[in-house]
Amino acid sequence: MTRMMKPAEPDRSADAQVEVELTVNGEAVRRNVSVRMLLSDFLRHELGLTGTHVGCEHGVCGCCTVLIDGKPGRSCLTLAVQANGYHVRTIESVASADGTLHPVQQAFKECHGLQCGYCTPGMVMNIVGRFDEPQPLDLTDDGIRELLSGNLCRCTGYLNIIAAVRRAAELLGRT
Amino acid sequence: MKPSIFGYKAPVTLADAISILASDPDAVVLAGGQTLLPAMNFRAANPSLLVDIQHVDGLRGIDVGADHIVVKAMTRHREFELNADVARVNPLIAEVMQHVAHIPIRHRGTVVGSLCHADPSAEMPLLLVLLGGSVIAQGPSGPREIAAENFFQSFLTTARSQDEIIVEARFPLLPSGAGWAFDEVTRRHGDYAIAGVGCILARDGEGRTSGVRLAACGIADRPVRLRSAETILNGTMLGASDLDAAVAASAAAVTQPDDINVSKSYRRRALGTLIRRTVATAARRAHPAGTAS
């Protein structure tokens with residue numbers, strides 16, 4: 001029996017590491033991560049912020065939407081290293097520290113805007129981001145549907161989410 | 001899915017960015033990443049090196065000049081859409097931008113990135129072709145200006161060389177008094193267009209039409225001007241027979257073969273409908289130069 005040759009193994013990974021430093025929900029964080037780590041995985045795996053959900057990982061479902069420097073963006077279509085130096089907000093920062101819901105969350109609760117809840121964090125971050133923009137809101141059905149067009153929900157049929165956006169606008173004095 | 005292994009560089013000067021790009025034939029420029037990253041997550045794109053240009057000096061912002069609007073490489077779609085100065089000198093742009101994907105994508109994706117990706121169904125390339133704009137490509141030997149119709153060469157293919165970075169795009173202003181319109185047919189809001197049409201035209205006091213520009217996306221391997229239709233409509237009162245003739249003359253511009261969603265004949269019908277719709281809207285918005293709208 002011939003002796004099997006052990007294949008040559010690389011002594012280190014080709015997967016380049018990089019140090020990233022960003023602010024997440026008001027807290028400065030610094031980690032060494034792979035350059036190919038997605039921001040969604042950074043939030044969930046490195047920081048344990050599992051409120052940011054991951055659905056499709058190609059930008060279609062909207063579950064992973066977070067605020068990047070105040071603007072809604074897909075954390076699955078952003079590398080952690082691209083967020084270097086940025087301020088990121090996730091669903092964990094939306095309710096007050098004492099548990100009081102944000103008006104958008106309150107509106108989802110009142111209007112039954114969620115069932116399984118998987119899409120809800122992305123929905124809420126997208127809506128919160130839009131409410132933070134100074135441009136007037138279009139609260140017609142069409143306008144709200146356009147706002148929600150980048151977030152998929154497979155439970156509700158959307159009608160209660162549309163009602164929740166309108167209710168949130170009332171609660172926030174944006175009608 | 002996750003991207004495969006790649007290298008990453010984030011230069012802060014344009015010269016460094018260009019020399020990094022020139023040093024590796026498989027290096028790819030990363031701007032907003034809203035097309036590149038999904039392609040990498042699917043492993044449809046496997047660049048050896050990403051050159052992240054977001055920290056490069058001088059690549060941000062929008063400048064409205066006397067002839068055109070300069071859009072720098074890192075300008076996001078949403079900035080272009082909501083810029084009040086842009087809306088004042090070229091209201092067509094906001095109308096087009098609302099059809100580009102969804103708000104969270106528009107916050108991250110860049111206008112120039114979309115031009116460089118050159119998807120023939122995308123709205124940004126159509127807009128640049130319709131307006132007769134250009135891009136500035138900066139390479140190791142300096143900058144050069146490339147006209148829109150020369151820039152888009154084929155499906156996902158542009159005149160940009162591997163070692164060049166498109167540092168800005170130039171979108172001309174609308175002529176004074178010109179009417180404008182854009183519309184598209186998609187299966188869902190925010191999808192790439194099955195067909196899309198943009199129209200610019202002027203009308204005199206009697207309603208006679210001049211300066212017609214029509215361009216379409218989704219129908220060929222690149223965005224195309226519909227020159228036969230433009231010629232037919234120029235000088236007319238936009239009567240029913242003029243529009244019929246313009247639509248008939250545009251059918252040959254549809255060269256995309258049947259695909260999983262639609263047939264070629266469906267695309268031709270969609271194109272005809274969009275030509276009628278956008279010409280009518282543009283005509284309604286046009287007013288003789290020097291008069292109020």
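Helices (H or I, at least four residues) and strands (E, at least two) are runs assigned by DSSP and numbered from the N terminus. The model described here is predicted, and for that reason local features need pLDDT of at least 70 and side-chain atom pairs count only at pLDDT 80 or more, while totals for chains, interfaces and linings use all residues. Residues are numbered from 1 along each chain as its sequence is written, and chains are lettered from A and ligands numbered from 1 in the order in which they are written.

We begin with chain A, which is divided into domain 1 (17-93) and domain 2 (103-171), with bounds that come from an automatic or database domain assignment. The centres of these two domains of chain A, taken over C-alpha atoms, are separated by 22 Å. Their contact takes 15 residues from domain 1 of chain A and 12 residues from domain 2 of chain A, where two residues are in contact if their C-beta atoms, placed from the backbone, lie within 7 Å. On the side of domain 1 of chain A that touches domain 2 of chain A, β3 (65-68) and β4 of chain A each supply at least two residues, and β3(A) gives the most, with 3 residues. That side divides into 8 nonpolar, 6 polar and 1 charged residues; here Ala, Val, Leu, Ile, Met, Phe, Trp, Tyr, Cys and Pro count as nonpolar, Asp, Glu, Lys and Arg as charged, and the others, Gly among them, as polar.

The strands β3(A) and β4(A) also pair with each other, in the antiparallel sense and over 4 bridges, pairing being defined by at least two bridges that DSSP finds between two strands. Within this pair, A:L67 stands opposite A:P72 in β4(A). Together β3(A) and β4(A) form a hairpin with 2 residues between them, and A:D69 in the turn has a positive phi of about 50°.

Just after α2(A), A:H112 takes a positive phi of about 55°.

Where the two chains meet, 27 residues of chain A are in contact with 24 residues of chain B. On the side of chain A that touches chain B, β4 (71-74), α3 and α4 (141-148) of chain A each supply at least two residues, and β4(A) gives the most, with 4 residues. By class, this side of chain A has 9 nonpolar, 11 polar and 7 charged residues.

Chain B is divided into domain 1 (7-52), domain 2 (62-171) and domain 3 (179-285). The C-alpha centres of domain 1 of chain B and domain 2 of chain B lie 19 Å apart, and the contact takes 12 residues from domain 1 of chain B and 17 residues from domain 2 of chain B.

Strand β1 (residues 7-9) of chain B and strand β3 (residues 49-52) of chain B pair in the parallel sense over 3 bridges, with B:L49 in β3(B) as the bridge partner of B:G7. Strand β2 (residues 27-30) of chain B runs parallel to β3(B) and is joined to it by 4 bridges, and B:L30 has B:D52 as its bridge partner.

Further along chain B, 4 strands form an open sheet in the order β11-β12-β13-β14, with antiparallel pairing. Because β11 (179-185) and β14 (224-225) of chain B each have a single partner strand, they stand at the edges, and one side of each is left without a neighbour in the sheet. Strand β13 (residues 209-217) of chain B pairs with β14(B) over 2 bridges in the antiparallel sense, and the bridge partner of B:A216 in β14(B) is B:V224.
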